[in-house]
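Here are a few quick notes to read alongside the model. Take them in order and keep the 3D view open.

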Amino acid sequence: MTAAEAHPAPRRPPTSMHGRDNWTSLADLARSPEFRDRIEREFPRHAALWESGLDRRRFLELAAASLALGGLSACVQQPPEPIVPYVIQPELVTPGIPLYFATTLLRDGLGIGAIAESHEGRPTKIEGNPNHPASLGAADAIMQAEILTLYDPDRAATVLREGRIAAWADFTAWLHGESAAWRPSAGRGLRLLTGPISSPSLLALIARWLEQFPAARWHVHSPLRPAAALEPFAPLYHVERAERIVALDCDFLLNGPASLAHARRFIDGRRVRADRPRMNRLYALESRPTLTGANADQHWTLPPPALELAVARLAALVGVPGAAPALDWPAGADWLPIVARDLLDHPARSLIVADERLSPEARALCNAINQRLGAAGATLDWIPNPAPPPEDGSLAALAEAMRAGEVDTLFILDCNPVHTSPADFNFADLLRRVRRRVCLGLYHDETAALCHWHIPRAHELESWGDARAFDGTISTIQPLIAPLYGGRTPLELLALMTGENGMSDYDRVRAHWAAAAPGADFDARWRRWLHDGVFEGTALPAAAGPAPADPAAALAALDRRRADAVPARLHLLFEPDPALLDGRYANNGWLMELPRPITKLTWDNAALIAPATARRLGLASRQVVELTLRGRSLRVPVWIVPGHAADCVTLPFGFGRERAGRVGDGVGVDAYRLRFADTPWWTAGLELTPTNERYPLACTQDHFRMHERAPVREATLAEFIQTRGEIAPGHGDPPAQEPSLLPEFPYDGCKWGMAIDLTACIGCNACVAACQAENNIPVVGREQVALGREMHWLRIDRYYTGDLHQPDTAFQPLACVHCEHAPCEVVCPVAATVHDAEGLNLMVYNRCIGTRYCSNNCPYKVRRFNFLQYTDRVTESLKLMRNPEVTVRNRGVMEKCTYCIQRISRARHAALREGRAIGADDVHTACQAACPTRAITFGDLNHPGAEVNQWKAEPHNYDLLGDLNTRPRTSYLARIRNPHDELDADRSQSG
Amino acid sequence: MSAAAGQPPEPDGLALLGPGVTAASVTDHVAGIVIARPSPRFWWLAFGLGFLLMMLLLASIAWILVRGVGVWGVNVPVAWGFAIVNFVWWIGIGHAGTLISAILLLMKQTWRNSINRFAEAMTLFAVACAGMFPLLHLGRPQVFYWLFPYPDTMNLWPQWRSPLVWDVFAVTTYGIVSLVFWYVGLVPDLATIRDRADQPWKQRLFGIFALGWRNSALHWRRHQSLYLLLAALATPLVASVHSIVGLDFAISIVPGWHSTVFPPYFVAGAIFSGFAMVLTLIIPIRAVYGLHTYITGRHLDFMARVMLATGLMVSYGYLSEAFFAYYSGSRYENYMMLNRALGPFAPAFWALILCNVAAIQFLWLGRVRRGPLALFLISIVINIGMWLERFVIVITSLHRDYLPSAWGDYNATRWDWATFLGTLGFFLACMFLFIRFVPLLSIYELREMVHARAEHGGNA
């Protein structure tokens, strides 16, 4: 249907055949037979009314009845709200049409490209930037949640001097006076502490500052990568070129600024289709269950010391010179040889991935293995650290200087050492000894509370700047909105410290690049960079990398520690919380309530232990234990996690904040109190004392077995090839479509559908957070989650198969599947959930009265109910955050996935305007757009070109609970794994 | 069939009317309860307890309206909780009244004359209690009227495929018909009170409600034909209401609900629990107001027999549910049954079997059927058992259905209990107001029985 047909032009009043007839009054016109005729055609139901003539009695009757009935439907009075249009329309802004800007978000100092959606000047949604190497179009859960951090009402809103409100001018005046005093001593006693910084313009400013004050020193602190952040080189994995990957206690699919790229490249190597049954293979050795282990084709659970021995043994098996003595070491005797042979069979196409969780000696062996396998230059490159660290600029060095009283003035930029520094530093005490302390941060946090000056930082979405990605590619940070709380950027503060103030950040960044990349066409290039968000061709070139360590020496060091491999007591392991990272997102409700990928816990951290350890120690989930390490102790609830190494306790850090804000204060336990400088990742000698206390941890999924229902269908690659992909019918279900007496509904226009590739889904939660951001989904809090009332429209179900010691983990994203025969629709008494002509199962919030029968009758249990008033209707800043295209739901109504109907509408309107049909690739749901591995596809089932049709035509495509004849619109591609055939048979006995 | 015809006189305890009852003594006794001042202490205690709990109900309702339905323990997947359990339980209790009044009237079971007024009142109050729950349990109770087909400006009607809509009609029809039936039966007795009342306001009030009853033969003729017509009208409702409540569940695809046995099994369960509640109330009241001459051991015996019969039907329902869960071959149904018997709510399931299947076996003994104390205890056990039955059906079916990932738990909150106890209080308070202000036995029908006994020299 074209636009003209849909909106017929207004017709003129009919005229007679004889040219223009004059009429003298409306009544005159109304009496004309043509007019009557037209009224009859247009309003056939009212024609009789018109004919009969409306007498006074009848009129009063009707008026009274309308009034009475009107009263019935008018019980809710809307508050009067004046709507004021723009007096002067800003350039490009059309009310109701969002604009998109390329910018960059920072992850531990490194950039991830993003595209921010802006509604009349308010950023409301983050998408990935397809041009950016760290994003490739995807945006993970934390990037999605940056929107909430931006609008967080608890952000620092003003300059504080010793806790009292001060003006920015007070600070500049103070700093001016101070810096005059620095000059004579060349800045002795002057220290700068930051997180890792990759921004070339900021690094240049710091360099100039250090030039001005040669005695001043700069330190870098990263609780997420305390060692790697200070290393001069960084590994660059070419996952896409690797056919055999071994991850050694390294969660490279979820952690770090490169994880989105790693996940995409990894999954690109294993998109199994009937005509392309090829997969890479991932082995994982891990001490605690990770997303990488869950997605590995084979994984083994080992305590960290045993894992290091396994590394040594692997080195010996692949023939690293000098590693031969490790052949007799205990770990992995039965399976490591097979892994080693598999790696050796793929020279230059295999890769060992490890990070600083391994000891330096073990990492040296990893490097040697990679060298031996020919990985260097093929699947692995070394580049200079894109966030170059200062020389001797560790936090330990700063702590030493502070202890010695050498620090006179300390500037802390965007890091929170009082919370995140190692416990043995007692950083808060040290900080109090510093005479002048200045802190720039988003929140008035633990560190800010101890500083003389606290300057609110501008969020990245409020700042100009630049950043390097994990591979060195430079991208721009563009502000989407003026600072909401008067925040200042690190650039601004450094410029003030170097005396280069008087310039805007925009000019500063632009001037930096005008100088760094001069040329006549700079203006054009600059505009293109801003538009694309990426400076093309700026990836850092490969470098020589770290000097190869002597494997024999490394082996000797490991050999000395072999005694630890049999732990006398428990080991304590640390990991960053997957959502809060080092704790910087502790005040972000979306991230707090995001079910953690493996544990499905929300709102708390817990001491994660293996089922075997729990049995040995007589512990149950939610039981509080006391952990004691080196005389410091902590009370924390236990959570039993299948696939955890025995006799190890993992404590995620990032929780237990004292000054995070209203959301994060006092939530969870501060693991940093047991994290010492020499053992940042794991340590032996933990004591665990059970208590009788119980703590109500809120978990979103209590049952993890499939109970013979096979919601996730799985097969190995060998089975897939053998059955030509027809693995689904093997489960004995009746055909998905049962015969019906009723004719099928003809879908003439679009017919929406979705397919999800379970092989590609890594369970990272990006889709869950994207859905929350896109659809104005409220946060409910720990108590409500514990009651089973979380509101996520999209959840990721996690199932275990195999034994509890090292189970196989499968993830299944599940939102409303938009059944053709939707059980919810028949039971709603008020027709609040109905089918539309494009096959969507709609939820009409205005009509819902909240009987909740639809939820009971939904076999997928994907409907969410507003049991209480969950949406915050009060906080002003959060109103700015909401997507104006999605209804904000209030108490008492049911809600669920809409297939992002607002995005469908937008595509439909665009198509209508341009007089064309909706294209195959026009609509991307929020979950689909965010997915780092492109595990979700959505489109028009009537459109032959739509990718979703190709997916659904695959032989391993199946409907979830298809035997109920619900005929869901969302279908799944079975999960295919690629275990080694020799290991697959005896997998249950090994490890 | 009259119990007396051609049979030797039964022992005294088994007669339908005690010895020495005359038409005058019936009126004196029953009207006296209404007219007497002050109320006996028992009345004050019982009414006071009911009133206090009713205040708790008001507080709960206020809190639900202020905070939302989330103050209860409902969640996803268990989106229906105590509210629906209580609704079905109360509706079931409300079944005895109409059954006794209408069906037994049409079947000329004269023994019903002693208990029908009381049972009908109980029905009305139970239906009122039941009616509260579906409204309070709505997410947006302020728009409850959308369930009715009123001419709305958007031309929207209810969604007729939903059993909840049928339910609205079934329950409102039942409530209205029960009220009218009860009131029509009351008119001659209200006139009696009007004539005997010693205070002007009472004379006036009862006069208004007596609708100018003058005891003329014409009045009686019209009254009797209306009464019979209403009885005929109410009879199908006995079956329809609880069948439709059963369909509320059976229409769904939830394992444990999706079952064709539900409508008849719900009706039997309703009569079962209704009779249990009548006994629970009438046994102590009979003792306090000395009504032994009107409600004799024979009545108790009859009611116990009905309970036994319906209880056996309910037991058969349990058996067939379990059998078809197995026989269906559906893994979901199989698991549902195992989960009921062995899962986290297994104590509730086995307690219900104990209450509804095991306890009623005592009713095979005549001694138990006629012994007020034993019968009282059994009736209370059955009330509890029937509540547990609804709890098991609603909660255990929902908490583990199809996808293990979505399985959940259910814990009633203090507001769940407060609302439930509150309706018990409301019910109790209403019952005692009824006892105080309305003749709790049907005077004219009892007088008919006395007359018939005198006329035919029989037992009733």
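1. Start with burial: of the 991 residues in chain A, 53% are buried. Keep in mind throughout that this is a predicted model.

2. On the overall build, chain A has 33 helices and 39 strands. Its radius of gyration is 31 Å, close to the 30 Å from the globule rule for 991 residues, so chain A is as compact as a globular protein of that length.

3. Have a look at how the chain contacts itself. Taking contacts in chain A between residues at least 6 apart in sequence, 73% link residues at least 24 apart.

4. Now the domains. Chain A splits into domain 1 (3-70), domain 2 (159-229 + 388-535), domain 3 (233-384), domain 4 (567-699) and domain 5 (714-730 + 748-977).

5. Domains 4 and 5 of chain A are worth a visit: their C-alpha centres are 32 Å apart. Domain 4 puts 14 residues into the contact and domain 5 puts in 19. On the domain 4 side, α22 (589-592) and α23 (611-617) of chain A each give two or more residues. That side has nine nonpolar, three polar and two charged residues.

How values were computed: Residues numbered from 1 in each chain as written. Chains lettered and ligands numbered in written order. Predicted model: local features only at pLDDT ≥ 70, side-chain atom pairs only at ≥ 80, totals over all residues. Helix = DSSP H or I, 4+ residues; strand = E, 2+ residues; numbered from the N terminus. Rg over C-alpha atoms; globule rule 2.2 N^0.38 Å. Buried ≥ 20, exposed ≤ 12 C-beta atoms within 10 Å, placed from the backbone. Contact = placed C-beta atoms within 7 Å. Domains from an automatic or database assignment. Nonpolar A, V, L, I, M, F, W, Y, C, P; charged D, E, K, R; others polar.
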